[in-house]
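Here is a short briefing to read alongside the structure. Take a moment to look it over, then work through the topics below.

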Amino acid sequence: MFDGKLLKLAKFLKENHLAIATAESCTGGLLSSRLTDVSGSSDFVKLNFVTYAYEAKTEILGVSKELLEKHSAVSYECAKGMAEGLKARTNCDLALCTTGIAGPTGGSKEKPVGMVFISALFKDKLLVKEFRLPRFLPRKLMKFCFTQKAIELALEVISQ
């Protein structure tokens, strides 16, 4: 079953001959999977990375170790750096990134389970937003909800 928002994003990308790339941490490739579930996705999906570890964010996306040490991976700054690095690395039209805490463990008072930062960089427009979902959601559902927020943010950035 497809979500209308996902299909709307896919249609926009395909009709405008645009390419999307993703860099995912907390969603572990689920965003990429959802995008490629759409028939004809090879027309608009360029390249996708799962950058779960700090080293992956640094080596693949160019997020600095200093930034990660200062702000952590679950931060506005990291999400911004991921999008900028992804765009530079892939020359995509739309860079879409996720970094957060899907739980049920790993959260803290400052950065609880259910917190995610999503970044979308379209041409020269960058949006980075923090979302907080209920911490009691099962991990698999949490990851799905994070991808849904990413799709919604992608639609927001392309409509501006």
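Is asparagine 91 buried or exposed? Asparagine 91 is exposed, as its relative accessible area is 61%. Please keep in mind that this is a predicted model. The points below start with the backbone and move on to a helix, a ring pair and a pocket.

**Backbone features**

- Most residues other than glycine have a negative phi, and most peptide bonds are trans.
- Asparagine 91 is not a glycine, yet its phi is positive, at about 55 degrees. You will find asparagine 91 in the loop between helix 5 (76-90) and strand 3.
- Histidine 17, also not a glycine, has a positive phi of about 55 degrees. Its place is the loop between helix 1 and strand 1 (20-24), and with a relative accessible area of 72% histidine 17 is exposed.
- The peptide bond between glycine 103 and proline 104 is cis, with omega about 5 degrees. Proline 104 belongs to the loop between strand 3 and strand 4.

**Helix 6**

- Helix 6 covers residues 139-159, which makes 21 residues. At 1.5 Å a residue the helix should span 30 Å, and the 30 Å between its end C-alpha atoms agrees with that.
- Among the buried residues of helix 6 are Met142, Phe146, Ala150, Leu153 and Val157. An α-helix has 3.6 residues a turn, so residues three or four places apart point the same way.
- The buried list also includes Thr147, Gln148, Ile151, Ala154, Leu155 and Ile158.
- The cover over these buried residues includes helix 1 (4-15), helix 2 (30-36), strand 3 (94-100), strand 4 (115-122) and strand 5 (125-132).

**The aromatic pair**

- One aromatic pair turns up in a search of the whole structure.
- Because phenylalanine 12 sits in helix 1 and phenylalanine 122 in strand 4, the pair ties together parts that are 110 residues apart in sequence.
- Phenylalanine 12 is partly exposed, at 25% relative accessible area, whereas phenylalanine 122 is buried, at 5%.

**The largest pocket**

- The largest pocket holds about 190 Å³ of space. It is lined by 14 residues, and Ser25, Cys26, Tyr52, Val74 and Gly100 are the closest to its centre.
- Helix 3 (54-61) and strand 3 each contribute at least two residues to the lining of this pocket.
- By type, the lining has seven nonpolar, five polar and two charged residues.

Note on methods
Residues numbered from 1 in each chain as written. Predicted model: local features only at pLDDT ≥ 70, side-chain atom pairs only at ≥ 80, totals over all residues. Heavy atoms only, no water. Helix = DSSP H or I, 4+ residues; strand = E, 2+ residues; numbered from the N terminus. Expected span 1.5 Å × (residues − 1). Buried < 20%, exposed > 50% of the residue type's maximum accessible area, 1.4 Å probe, protein only. Contact = heavy atoms within 4.5 Å. Phe/Tyr/Trp six-rings, centres within 6.5 Å; stacked < 30°, edge-to-face > 60°. 1 Å grid on protein atoms, 1.4 Å probe; cavity = no way out; pocket = protein on both sides within 12 Å on 5 of 7 lines; lining within 4 Å. Points joined across faces, edges and corners; volume = space filled by probe spheres on them. Nonpolar A, V, L, I, M, F, W, Y, C, P; charged D, E, K, R; others polar.
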